[in-house]
Every structure is written in C-alpha cells, then in structure tokens.
Amino acid sequence: MKAAENYSANNEERSMAENIQAPYRCIELPDLFRVAEWQDEIPWQPFVNGAEIHRLYGDGKKGPTAVLIRFREESQVPIHLHEGYEHIFILAGEQRDQNAIRSRGAFTINPPGTVHSVSSEAGTIVLVIYEKPVVFL
C-alpha cells in the first residue's frame with residue numbers, strides 16, 4: 001500500500017511540474033529612459049504608417065504582448081479598440097491621442113473598451129504592454 005501511495009504522490013508532483021510554464025527569458029533593456037541613444041541596436045520591424053515595432057514577448061494576435069514602438073516623424077497608429085488593458089510608458093519624445101499629448105515619463109493605462117489613434121509629430125519611443133490584441137477599426 002505504501003508503494004502505491006508513493007507512486008501516486010510522485011505522479012502528482014510530476015504532473016504539476018509539467019504544467020508549470022517556464023518564465024520568459026530575461027530581457028535586458030539598459031537605461032530605458034536613454035533608449036534614444038541605443039535605439040539603432042534594436043531589431044525594429046515595420047509596423048504601420050511609418051511606425052516600427054520590436055516585440056519583447058507575444059505575437060500581438062493572441063494573449064498578452066509587450067512591445068517597443070518607435071514612431072518616426074509624422075507617423076501614426078490608426079484608430080483601434082482595446083479589448084483588454086493597455087499600458088503605455090513614454091520613453092522618449094511625445095505622442096498624442098484623442099485625450100492628451102503625453103511626454104517622456106508619462107504612464108497611461110487604457111482600460112478595455114478604449115478607442116483611440118496615436119500619432120507623433122517629432123517621433124517617440126514607447127513601451128506598450130497589452131493583455132489582449134487590439135482591433136483596428
């Protein structure tokens with residue numbers, strides 16, 4: 001009976017361990033407020049309307065995602081709906097949406113149901129973390 005209990009306990013521990021996801025890799029972003037100085041080291045990909053993106057995790061199609069977005073001069077992200085929370089941290093420059101112009105150091109939380117477009121006249125770099133993909137309208 002003791003052997004059967006041990007076997008059952010070992011299987012339960014093994015099953016629990018198999019269900020635990022490994023943590024995401026550690027991403028080094030040295031001196032994030034000075035990102036403009038080392039932005040050319042980031043492997044940017046084309047995004048929309050002159051903006052570029054670098055995905056830290058997630059694919060932007062399902063589940064949570066974190067990205068750096070670089071707006072070039074006069075670039076914009078078209079109007080879109082947030083089905084989950086979005087957190088925007090302005091690292092360099094400034095950006096504008098229907099609510100305000102936000103500059104370096106601003107942290108904005110857009111709750112589910114938020115609809116906006118985002119633009120930058122002079123360029124900016126932002127860290128964006130969102131729990132669900134956006135829906136472009």
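Author: Let's start at phenylalanine 89, which is partly exposed, at a relative accessible area of 23%. On this scale buried means under 20% relative accessible area, exposed over 50%, and partly exposed anything in between, with a 1.4 Å probe and protein chains only. Keep in mind that this is a predicted model, where local features need pLDDT of at least 70, side-chain atom pairs count only at pLDDT 80 or more, and totals for chains, interfaces and linings use all residues. Residues are numbered from 1 along each chain as its sequence is written, and side-chain values use heavy atoms, with hydrogens and water left out.

Searching the whole structure turns up two aromatic pairs; rings of Phe, Tyr and Trp (its six-membered ring) pair if their centres lie within 6.5 Å, with planes under 30 degrees apart called stacked, over 60 edge-to-face and the rest tilted. Helices (H or I, at least four residues) and strands (E, at least two) are DSSP runs counted from the N terminus. Phenylalanine 33 is partly exposed too, at 33% relative accessibility.

The other pair is phenylalanine 89 with phenylalanine 107, also edge-to-face because the centres are 6.0 Å apart and the planes sit at 70°. Here the partners are 18 residues apart, phenylalanine 107 being in strand 7 (residues 107–110). At 49%, phenylalanine 107 counts as partly exposed. Put together, ring pairs link Phe33, Phe89 and Phe107 into a cluster.

The largest nonpolar core has twelve residues, among them Ile88, Ile90, Phe71 and Val77. Such a core is a set of buried Ala, Val, Leu, Ile, Met, Phe, Trp, Tyr and Cys residues joined through side-chain atoms within 4.5 Å. At least two core residues come from each of strand 2 (51–57), strand 3 (65–71), strand 5 (86–96) and strand 9 (124–130). There's also a second, separate core of eleven residues, including Trp38, Trp44, Leu56 and Ile125.

Strand 2 is largely enclosed by the rest of the structure, because five of its seven residues are buried. Six bridges join strand 2 to strand 3 in the antiparallel sense; strands pair if DSSP finds at least two bridges between them. Glutamate 52 has arginine 70 as its bridge partner in strand 3, while proline 46 has glutamate 52 as its partner in strand 2.

Strand 8 (residues 115–120) has His116, Val118 and Ser120 on a covered face, and Val115, Ser117 and Ser119 on an uncovered one. Five bridges tie strand 8 to strand 4, running antiparallel, and glutamine 76 finds its bridge partner in serine 119.
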